[in-house]
Amino acid sequence: MAEISRRRFIGYGVGVGATLALRRTGSASAKVGGKLAKFVEPVPLPGAGIVVATQSGADGYTFTQTVISRQLHPHLPPTPLWAYDDGSGLSGQAGSFGMAVLARTGTPLRVSFTNQLARTYPDWLPVDLRLVPHGEDVRTLTHLHGGFVAAHSDGNPAAHPGGFGHGETQVAYYPNESPQQPAALLWFHDHGLGATRLNVYAGLAAAYILRDEFDTGEEPNPIGIPGGAYEIPLVIQDRRFNPDGTLLYPRSDIPGVVWIGEFFGDVMLVNGKVWPFLDVEPRLYRFRILNGCNSRILNLGLGGAPMWQIGAEGGLWDVPVRMRQLVLAPAERADVLVDFRPLAGQTTVVRNAQPPRPVVTPAGPLSTVMRIRVGTSVTQPGPTAIPASLPGRAANLPTATTTRYITLNEVDAETEDWVVNINAARFDAPATETPALGAVEDWTYINLTADTHPLHTHLVNHQVIGRTPFDVDAYEAAYGGPDGVPGGIDPTPFATGPMRPPDPDERGFKDTVKANPGQFTTIRAKFDLPAGLTAPQTYVHHCHIIEHEDNDMMRPFTVTP
């Protein structure tokens with residue numbers, strides 16, 4: 001381990017901490033973000049800046065991964081971006097996040113992705129050759145995040161470690177099977193081995209919106225919630241820019257290392273535009289919010305507008321829950337109803353605050369997200385009350401038959417050998433998590449690092465069981481080795497208090513959970529496979545701080561017969 005672990009380092013003072021933060025996030029000479037005026041352009045919306053994908057046949061979509069150029073702020077030169085082109089040419093894409101696929105529960109889709117990007121990475125995307133299997137070659141691999149799919153269609157590096165090179169095509173089958181895939185906001189993004197952080201940063205991410213007979217997206221609808229123009233996806237990402245408009249992704253200042261521990265930008269983008277504004281009417285709206293940041297954990301407030309969360313990654317809940325803030329780690333989603341009637345004629349700002357403990361992040365402040373301008377008249381009244389119940393579900397799985405203990409380690413921080421890992425193992429070691437088909441298991445993530453990690457498990461949605469405080473130092477002293485603490489070791493004897501129940505925003509099923517430092521976090525999942533598929537099938541679970549995923553906080557797991 002490093003001579004001073006990050007957990008112990010936190011107490012050493014602000015000045016020293018700032019130096020450590022610079023080492024973790026890299027150095028950057030250009031400071032463009034602070035000079036950009038806020039609230040100059042509108043938020044791109046589906047059909048007005050975000051392309052709603054056109055099907056290439058009765059049951060599928062055909063995408064080309066390509067380079068486009070867009071002006072993300074009037075005071076920036078055009079920015080080269082990587083994008084998913086549905087064949088339209090993307091003239092309707094206004095920003096860096098510009099594609100949405102509409103799907104329906106029970107209707108399968110066949111989707112292809114052809115890599116027509118440059119053969120090698122441009123200078124503004126710094127590749128760490130230690131982490132990638134094909135050097136400077138651009139290899140893509142598209143993952144449907146939240147998808148209940150076969151391993152071959154999952155877009156995960158255990159199934160396709162080499163990804164897909166220039167001119168090659170990835171074909172995926174998305175069954176959209178019920179009940180595992182209810183109406184929900186999913187998303188698809190790149191998952192290339194050792195380069196996810198770069199490919200997603202360049203723009204390879206898009207929305208995948210599942211509908212059903214209740215959640216139709218129209219207004220009125222059987223649920224009694226906003227729809228049509230009053231349902232708005234909001235994808236929040238932080239970025240940096242060079243003066244020439246290219247995206248700035250820092251390089252490490254550690255000799256021999258390019259990879260950085262986390263990326264934190266100095267501007268916020270919403271739906272691919274820098275610090276935009278949104279005009280709303282004084283009525284109920286539905287916001288579908290995704291934290292699309294590489295590393296930043298958000299703590300969002302909507303400027304005093306009352307809000308109720310009605311769902312998360314796994315779809316709608318059974319009842320709405322009143323919220324004051326939304327704490328979202330990378331890849332987490334929140335489905336919320338927002339009442340702008342009390343703010344008629346006013347202007348408010350969506351702000352991002354430091355997350356409350358026990359969530360811990362090394363990110364510096366980036367408080368402003370977007371402006372909301374509330375009008376004085378309503379075009380279409382829509383629903384006027386928050387529904388008392390919803391056609392969704394609370395997470396309530398049967399008792400688990402197996403518990404697996406999974407450790408999160410940080411090794412040799414701030415050195416050339418710096419790595420973050422799961423179970424003290426590298427990604428390419430054989431799978432140690434091997435749930436049987438149909439089994440209900442508890443997975444306990446034991447965080448031995450200083451920061452919160454959003455853990456994402458492919459294939460399954462899970463129930464959050466709770467979080468337990470424990471003596472990290474004693475557990476490490478008892479079982480630690482040169483690569484951290486291996487998996488499989490029960491931390492319960494080191495608990496320092498009772499298990500704390502899930503947070504209110506964890507009422508339903510999720511695909512990403514915050515594993516906080518000083519706690520072990522237990523989730524429960526049922527390991528089914530899509531109809532007609534046989535075991536074994538191999539997937540991955542990983543930290544969705546995608547810098548961590550790339551080096552090397554990701555492991556395979558295999559669903560066995």
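A nonpolar core is a set of buried Ala, Val, Leu, Ile, Met, Phe, Trp, Tyr and Cys residues joined through side-chain atoms within 4.5 Å, where buried means under 20% relative accessible area, exposed over 50% and partly exposed in between (1.4 Å probe, protein chains only). The model shown here is predicted, with local features needing pLDDT of at least 70 and side-chain atom pairs pLDDT 80 or more, while totals for chains, interfaces and linings use all residues. Residues are numbered from 1 along each chain as its sequence is written, and side-chain values use heavy atoms, leaving out hydrogens and water.

**View A. Phe340 in the largest nonpolar core.** Of the 86 residues in this core, Phe63, Tyr208, Phe287 and Phe340 touch the most other members. Leaving aside residues up to four places away in sequence, the contacts of Phe340 (heavy atoms within 4.5 Å) include Pro282, Arg283, Tyr285, Phe287 and Ile372. A second, separate core has 25 residues, among them Tyr445 and Cys543.

**View B. The aromatic pair Tyr479 and Phe494.** Rings of Phe, Tyr and Trp (its six-membered ring) pair if their centres lie within 6.5 Å; planes under 30 degrees apart count as stacked, over 60 as edge-to-face and the rest as tilted. The whole structure holds 26 aromatic pairs. Here the ring centres of Tyr479 and Phe494 are 6.1 Å apart and the planes stand at 80°, so this pair is edge-to-face. Tyr479 belongs to helix H5 (residues 472-479), and Phe494, 15 residues apart from it, to the loop between H5 and strand S28 (512-515); helices (H or I, at least four residues) and strands (E, at least two) are DSSP runs numbered from the N terminus. Tyr479 is partly exposed because its relative accessibility is 35%, whereas Phe494, at 18%, counts as buried.

**View C. Charges over the rings of Trp275 and Tyr285.** A charge sits over a ring if NZ of Lys or CZ of Arg is within 6 Å of the ring centre and within 35 degrees of the ring normal. Lys38 lies over the face of Trp275, 4.3 Å from the ring centre. For Arg283 over the face of Tyr285, the value is 5.9 Å.

**View D. An open sheet of four strands.** The strand order is S4-S3-S6-S8, with mixed pairing; two strands pair if DSSP finds at least two bridges between them. S4 (79-85) and S8 (169-174) are the edge strands, each with a single partner, so one side of each lacks a neighbour in the sheet. Strand S6 (residues 109-115) runs antiparallel to S8, joined by six bridges. Phe113 has Gln170 in S8 as its bridge partner, and Phe113 also joins Tyr61, Phe63, Tyr84 and Phe188 in a cluster linked by ring pairs.
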